[in-house]
Amino acid sequence: FTDGYTNESPAGAAGSYWDVGNVDGTYPAPYGGGTASSNTIADYAMYGYVTNLRSDLPAGKVPVSNACRNTPIPNGLDCNANLHMNFYGVTLGARGAVYDVDTAATSNPYANAPNWAATGTTNTDPSNVDHIWHAALNSRGEFINATSPTEITEAMCRILASVNEGGSSADTIGVTGA
């Protein structure tokens, strides 16, 4: 949950522990594309999506939708059968430089790919909101721009339902609580 803006300078200076580079730079739009920035939240999300996060466990054991067998794979569908991360961002009524400004890109980023700008240099730069949206797309999660308590509640229900989807009851081991 965020107001959509960054509160500190970007971490991940080149050569640091958190330096993942421009992970999404080689992927087609809307995953990649735009200004070649490194170490954005979208890069971290893509890294968590494409990297088998537990290489000590067998690969290919995460259940995926039957729709993943279709060609082409439907846009935004999570077909990664390796253990990975999905990023869900809930902003509180924020507008980006593209998100909620460019109607075509906002409503269908797969048909109208956003031009991802470099990470904003100020805490209130609207492109920072776009990077949260970009991170959700990269990791096949969801970006929600909630403007009321009801929308926040609905967003949490959708996120928990999405995380809780799986092929067996053992798949929900990471989802606990009320």
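Predicted model: local features only at pLDDT ≥ 70, side-chain atom pairs only at ≥ 80, totals over all residues.
1. Basis. Local features need pLDDT of at least 70 and side-chain atom pairs 80 or more, while totals for chains, interfaces and linings use all residues. Residues are numbered from 1 along each chain as its sequence is written, and side-chain values use heavy atoms, with hydrogens and water left out.

2. Helix α3. Helices are DSSP runs of H or I with at least four residues, strands are E runs with at least two, and both are numbered from the N terminus. α3 has twelve residues and spans 16 Å from first to last C-alpha, close to the 16 Å expected at 1.5 Å a residue (1.5 Å times one less than the number of residues). Twelve of its twelve residues are buried, among them H131, W133 and H134. Buried means under 20% relative accessible area, exposed over 50%, and partly exposed in between (1.4 Å probe, protein chains only).

3. Aromatic pairs. The structure holds four. Y99 and W133 form an edge-to-face pair, 5.1 Å centre to centre with 70 degrees between the planes. Y99 lies in the loop between β1 and α2 (103–107) and W133 in α3 (residues 127–138), so the pair ties together parts 34 residues apart in sequence. Rings of Phe, Tyr and Trp (its six-membered ring) pair if their centres lie within 6.5 Å; planes under 30 degrees apart are stacked, over 60 edge-to-face, the rest tilted.

4. Aromatic cluster. Y99, W116, W133 and F143 form one cluster. Both Y99 and W133 are buried.

5. L83. This residue is in the loop between α1 (41–50) and β1 (88–92). L83 counts as partly exposed because its relative accessibility is 36%.
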